[in-house]
Each structure stands twice: as C-alpha cells, then as structure tokens.
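Please read the briefing below alongside the sequence and the structure, which are shown first.

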Amino acid sequence: MMGGQRDGDARVFLVTGASGYIGGRLVPELLRAGHRVRCMVRSARRVRDHPWAGRVEVVEADATDRESTRRALDGVDVAYYLIHAIGGGAGFAETDRVAARNFAAAACEGGVRRLVYLGGMDPEEELSPHLSSRAEVGRILLDAGVPAVWLRAAVITGSGSASFEMLRYLTERLPVMVTPRWVRSRIQPIAIRDVLHYLVAVADLPEDVSRGFDIGGPDVLTYADMMRRYAVVAGLRRRIIVPVPALSPGLSSLWVGAVTPVPGSIARPLVESLRNEVVCREHDVGRYVPPPPGGPTGFERAVELALRRVRDADVATRWSSASVPGAPSDPLPTDPDWAGGSLYTDERSRAVDAPAERLWTVIEGIGGDHGWYSFPLAWRVRGVVDRLVGGVGLRRGRRDPRRLRIGETVDFWRVEEIDPGRLLRLRAEMRLPGLAWLELRVSERDGRTEYVQRALFHPLGLAGHAYWWAFRPFHDVVFGGMCRGIAEAAQGGRISAGGRAGAVYAAWDGYRRWMDVSRSRRLLGIYLNDHLAAAAGGVALARRLARAHRGSDEVARLADDVAADRGALLDILMSLGLPVRRYKSLAVAAAEKAGRAKLNGGLIRHSPLSDIVELEAMTIAVEGKRTGWRTLLTVADQEPGLDIERLRLLQARADDQLALLERLRADAIRDTFREPSAADPAETSLTR
C-alpha cells in the first residue's frame, strides 16, 4: 500500500543535477510515468537542448545557497538529491556537507513530502573519503525531518558513466595489466536501467518509511572479474591481470588517468572507493518495490546494452556532462571592450565552395574521433600536457559524433552556445593562465558560404600575457590549418552509407607540411590492399555459399553484404588517395578457386563436408574483416580521411554476419554428422 501522494499528475517532482549523468536520465523516466517535473540547475542554459527541456519547469538555484534552494523547493512533493562534488579537490567533503544541510533544511521548511538520495554503499569497514562523504550526505538527509530514502549503489554500469568508461578503456587498451590490490575487492554492480527503476518507484513509498536501502544487480564480482567478463562481451582476447599489492590508490589514479578519459581528479575518488567491499547486505527494498521489468539486469547484459548504445552513438548522458570543479563557468561577455580588460583574438575566415548545411555538419562534428583539422600532433601534445598538470586532456571526446547541445564536453572544451546552422561557441576547460573560447560560425554572403573562426583569450596576470605571446607564432599552424581543414572538409565531404551526414575527408595539406606522414600512409595503403585482396576471396566464397543454398534468403543477403563490404574498402582506399593493387586481389581469387579441390572422394563436387569447411572459412574471413575495421577505428585519429561513423556501421554489420555464420555452421554440423536413416539411402553417399 502506497501513501503520502497527491492525485496522479498533481504531484511536483524536483530533480537536482538534471544536467548530470543520473539526473539527465531520470527526468525522462519521471515524465514517462506521468509526473510533473521541475529541474533545479545552476544555469538553465545547461538543459536548454535536452530533448525533454520543453516539458519541464526549470529553476536556477545552487544547493550551497539556502535562499535559492528554498525557492526551488516551493510546492515540491518529491525531491531527488543527485548532487555530489566528486573531483572538487580537498574541500569536496565540506562542499557536500554544506549543500546537503541547506537542501535538507529547505525541504523541511518547504513542506516537501519525500526526499530521495542516490549515494554509495556504506560498508562497516573504514570508508574512503569519497564513500565517507556520500554516507554523511545520506545521514544528513535522513535526519532532515522529511521522509527520506537513501538508495545505496556500488558501481553503476551504463553507457556514459564514469565507472563504465573507466572499466571499458582499461580493458580494451591493456591486454596485459599490472594491477593494484583493489582489483580483488568484491563489488555488486548494478545496471543504470535498474537504478532508474528504483529511483522512480521509491517516490511512492509509505510516509512512515524513511531509511536507506542497498540496491545491486544479481552478480557479485571482483573488479578483475568485471574486466575479464567485459572482454568476453566485447569480443576481446582474454585479459592477463597481474596484481601488485604495493600500488597505492594515488598511483592507481595516475594509471587510470593515463589510460582512460576519466581525469585524475575523478579517477582518484573512484579508485579509493574500490578499496572497500561494496556488496548489498540486505534487499529490503524488495518488500516495497517490485523488481525491474524482466528481473535484475546481469553484468554481461548491462555491458552488452551499454556497448550497443556506444556503438550506435545513442548515449543519453555522460559523466563529463557535470561541470569540472575550478573550470570557468561564466559565458563570454557581450561587451566588446571587455569592460576595460585585455582580450586577445585570432580571427580568420574562408570562402567555402559548399552548401552552408554541409559546412555546419563539419563544424558540429568537430573534436572526438574527427579531430581538430590541423596539426594533430600539436593537439595531442597539448592534451598530454593538460593531463600532466591535472587537467581533463583530450580523451573526454564527445557524447554523440554528430550532434551537440549546450553543456556537453568536446575533448577539453565545453559547449557554451550553439545556434544550429550558424554558431558553435566552445569554452576551454584545459588548464590555462586565463579564460579561452573558440567560436565557429557559418555565414552566407553574396550567395556564397563563408566560414568564420575566432579564438579568444582573456589573460590572467603576467603569466596569461606570456602564454599568449609564447604560442602566438604557432597560431598560423594550429588556427590557420584548422580554418583551411574545416573548409576543405566541407568541400570534400559527402553523405555516408545510410544517408546520414558522414565525413570522408581528404588528407589535409595543413599538417602535411608539418608532419612526415608518408611512411604511415604508405603502410596504411599496404594494409588496406592486403585486406582488399582477402576480401576478393571472401566475396568468391560467399557467392559459392549462396549458390549452394539457393533457397536461403539469408545466405543470399550475406553474399550481397560481403560484396558491399569489399566495395566499401575499395571506396576507403580511393577516398584516401591511396593506390589500389589489383594484382593482389586476382592472386587471392585464383587461390580460392584452386582451394575448392578436395581429396574426399569428389575432387571438385560438393560433399557433405563442404558446407562445414566453407562456413568455417567464411567465419575466419569475416573475423579478419571485423578486426580490420577495428584497426581502422583505432588509427582514425591519425588519419582524417577515415569516416568513423561508417567504420562503426561496417563493424556492426560484421558482428551480424558472424552471428548468422555461427548459426548456419551449427545447422551444418548437425545435418552432416547425424546417422543416415534407412528410409533415405542417398544419405550414405559421401558426395551429392
């Protein structure tokens, strides 16, 4: 029996941290449940571009400010507290404490009927500073004088979460890992979809229920187990994990920061919390809330769902959506005189022989896998330097490879303003002795498209002025090359497979003059031609399979897809301006025909074993092709002519092909090796 609720849609649900990872996903779940939602954010602009923005009320408030928080909670029935100062430096615990006390007092004064808090586990052993702070917040809210629920979760597995990104990059990039002792700690991870289920459901608990609940998935694993299972789901080779007891959390966070997109300021509290065993000690929530639809989500299933969303670029929110502590947050002032302060600018423009829509597609797709269109080595070095001094570096990438919204991160920038089709303004979050912005504009003049680019820097102190002038000689290379590269990308761009705006860009003269890329491109040409030659044999084999299974539409489609994949590979070679060595393909095709001869009683005729052998050969060929797509994805940040989106689609198609081949192979084994029946003496023949 539920209590303490008004009639249906009359209740008002307040979500703090709506621009963050959990809050940004909770809002649409509450809307689907038919609730009225109010979002409390420090800047309303941060949620302006979310797909649900027009269906919610947005109020600006800061939890550390009692009066603004009180106004935000006015008339609220259920309030979700999803605020945490992780990565905020040594004083994050005090910030959390002040914000929680303000929120609790304001909720009590405002007559809020239910508080819901998502925090970490609270094991009995000594807690890390991160878990200790989250536990303190939970106790403050439970003591607020308002019925409260503290949901305690361990590692949350979902696309875009910091924990998942950390696990993903460690496992994918390190086939052999020397690991600290914490990889042996027991963890009970939970899928993000299950977390959202509990967050929505506990709003309807009876008024006399005010307590904490442990929530977790069905699996209890060590972090090492999680890495091994991730590798299996992702189709990686078995990971070798060598534990080293002496590796401290501090050193571990440096290791995590060097390998993953998660900066050290966030990696350290996450790593420190993994020292504790975080396993559910009770499941009392099950007395009040039904299990998630379909039951709790297992770890492998959660990883599979997360990887599918990453592959499909369907990540709703990311860990980097939250503001970086200490990063500038004020928008670019509109006062052209900068109120008397110094403002350095580097402004460039270029006529573009392409429609404005195509130029905007290139601009909105900047960063991440597509890079910055000039001197990649310089950008990479700047990202490494930023990491070394405690910044976020370039590895944060993007949530979506094609679309941006205000508040999202693009490598070490954050989207400050976006006017679709016209303006993209990025605010720097790398470590700088000043404030920096980058503006990219599309304009049309006299019927022609023009690209306008402006870099702005407001120095702080003498160090800021010295920084600008020290790097001024490189601006022609970096900003000038970027202006040329974006214009040329728009002029050479085309629509990729599936009709979506893609990017098969020509190699840029902008960095060829500064980098000797002839050797790497020559090796890439050899690699692609080798795969093209192997693809010729694969096409011939696929067509032979299709002839042998004339009644199967699936096999016919497989043959067509394999031929289309070879065409895609040939297209990639040509778009990169690399030579096509057709003699290799002819040699492989001839070898494939010669390989059909069999010493099995039928020299060239189809035998019962032919299906199995040919399906196994086809499986090996497709696995090799899939590995080739993965290799191209890996080197895409060094080769701007590679279309990331297209490569991901090709890799996904290879996955589907492997699943079909495995099913066909299992059927062929069953049919070939079964005992022949007396009613069908033809089955006793070794040839057919």
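Glu417 counts as buried because its relative accessibility is 17%, where buried means under 20% relative accessible area, exposed over 50% and partly exposed in between, with a 1.4 Å probe and protein chains only. This is a predicted model, in which local features need pLDDT of at least 70 and side-chain atom pairs count only at pLDDT 80 or more, whereas totals for chains, interfaces and linings use all residues. Residues are numbered from 1 along each chain as its sequence is written, and side-chain values use heavy atoms, with hydrogens and water left out.

**Surroundings of Glu417**

- Glu417 belongs to strand S16, residues 413-419; helices (H or I, at least four residues) and strands (E, at least two) are DSSP runs numbered from the N terminus.
- The side chains of Glu417 and Arg48 are joined by a polar contact of 3.1 Å, a term for a pair of N or O atoms within 3.5 Å, of which, within protein, one must be able to donate a hydrogen and the other to accept it, while residues adjacent in sequence count only if both atoms are side-chain atoms.
- Leaving aside residues up to four places away in sequence, Glu417 touches Arg45, Arg48, Ile406, Leu423, Leu424 and Arg425, with contact taken as heavy atoms within 4.5 Å.

**Aromatic rings**

- The whole structure contains 16 aromatic pairs, in which rings of Phe, Tyr and Trp (its six-membered ring) have centres within 6.5 Å, and planes under 30 degrees apart count as stacked, over 60 as edge-to-face and the rest as tilted.
- Phe213 and Tyr288 form an edge-to-face pair, at 5.9 Å centre to centre and with 65° between the planes.
- That pair links distant parts of the chain, 75 residues apart, since Phe213 is in strand S11 (residues 211-214) and Tyr288 in the loop between helix H9 (264-273) and helix H10 (299-311).
- Phe213 counts as buried at 0% relative accessibility, whereas Tyr288, at 24%, counts as partly exposed.
- The pair of Trp372 and Trp379 is stacked, because the ring centres are 5.0 Å apart and the planes are at 15°; both Trp372 and Trp379 are buried.
- Ring pairs also link Tyr344, Phe457, Tyr467, Trp468, Trp469, Phe471 and Phe474 into a cluster.
- The charged end of Arg152 sits over the ring of Trp150, 5.1 Å from its centre, the criterion being NZ of Lys or CZ of Arg within 6 Å of the ring centre and within 35 degrees of the ring normal.

**Salt bridges**

- There are 47 salt bridges in the structure, each defined by a side-chain nitrogen of Lys or Arg within 4 Å of a carboxyl oxygen of Asp or Glu.
- In the salt bridge between Asp284 and Arg211, the closest N and O atoms are 3.0 Å apart.
- Asp284 lies in the loop between H9 and H10 and Arg211 in strand S11, so this pair ties together parts that are 73 residues apart in sequence.
- Arg348 forms a salt bridge with Asp476, with the closest N and O atoms 2.9 Å apart.
- That pair links distant parts of the chain, 128 residues apart, with Arg348 in strand S14 (residues 344-352) and Asp476 in helix H14 (residues 475-492).
- A further salt bridge joins Glu662 to Arg665, whose closest N and O atoms are 3.1 Å apart.
- Glu662 and Arg665 are separated by about one helical turn, because they are three residues apart in helix H20 (residues 644-673).
- Salt bridges that share partners join Arg396, Arg414, Glu416, Arg425, Arg427, Glu429, Glu439, Arg441 and Arg454 into one network.
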